[in-house]
Amino acid sequence: MMKKDFINIHGPEHHFLDGAVFLVAYNNAVGKIDIDKSLDTLEKRTINMPGAMCAYWGVCGAVASVASALSIVHGTQPLSTDEYYKHNMEYTSVVLNKMSKIGGARCCKRNAFLSLSYAVEFVKEKYNVHMECENPQCDFSAKNAQCLNLKCPFYKQQ
């Protein structure tokens with residue numbers, strides 16, 4: 001999907017796309033969610049997420065998108081007192097910590113790969129949901145003037 005012409009190398013379209021990818025994969029793994037309703041809810045939540053959140057808010061849109069998808073799956077609300085509320089915070093804190101160790105400049109592809117690959121580990125550990133995740137390798141380095149190259153865990157030497 002990232003290779004489509006309408007998906008920019010960086011941009012707020014990832015704020016919907018990353019969570020949507022997770023929702024579809026989760027639904028394929030467990031088949032227990034209303035995927036159309038879930039995607040509509042995700043769209044409503046992510047449409048207000050501005051570009052450059054990583055720099056201006058200190059929260060990556062990819063992480064927020066996948067965390068939003070997790071909250072949709074579990075029906076987490078602001079007043080929830082169950083484990084899912086806590087788990088969403090745990091998920092975001094772990095991924096943001098991983099991103100902070102890598103540093104910047106921004107890269108929506110790297111952050112998507114990081115958010116999604118950790119989400120697969122997370123749902124397996126927390127909920128015994130098994131989703132496939134191949135070892136992602138980035139095909140976008142040549143298009144990204146800010147690519148960190150070898151500092152990026154997904155960098156594929158061309």
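Predicted model: local features only at pLDDT ≥ 70, side-chain atom pairs only at ≥ 80, totals over all residues.

Colleague: Okay, how many residues does helix H6 have, and what span does it reach?

Modeller: For a helix, you set the end-to-end reach against 1.5 Å a residue. Helix H6 covers residues 108-127, which is 20 residues, and it reaches 27 Å from its first C-alpha to its last, close to the expected 28 Å.

Colleague: Is H6 mostly covered or mostly uncovered?

Modeller: Mostly covered: 16 of the 20 residues in H6 are buried. Cysteine 108 counts as buried because its relative accessibility is 17%, and the cut-off for buried is under 20%.

Colleague: How many disulfides does the structure hold?

Modeller: You look for two cysteine sulfurs within 2.5 Å. Here there are zero disulfides. The closest cysteine sulfur to that of cysteine 108 belongs to cysteine 54, and at 6.6 Å it's too far for a bond. Cysteine 133 is in no disulfide either, since the nearest cysteine sulfur, in cysteine 152, is 14 Å away. Cysteine 133 counts as partly exposed, at 39% relative accessibility.

Colleague: And glutamine 157, is that one buried or exposed?

Modeller: Exposed, because its relative accessible area is 58% and the cut-off is over 50%. Glutamine 157 lies in the segment after H6.

How values were computed
Residues numbered from 1 in each chain as written. Heavy atoms only, no water. Helix = DSSP H or I, 4+ residues; strand = E, 2+ residues; numbered from the N terminus. Expected span 1.5 Å × (residues − 1). Buried < 20%, exposed > 50% of the residue type's maximum accessible area, 1.4 Å probe, protein only.
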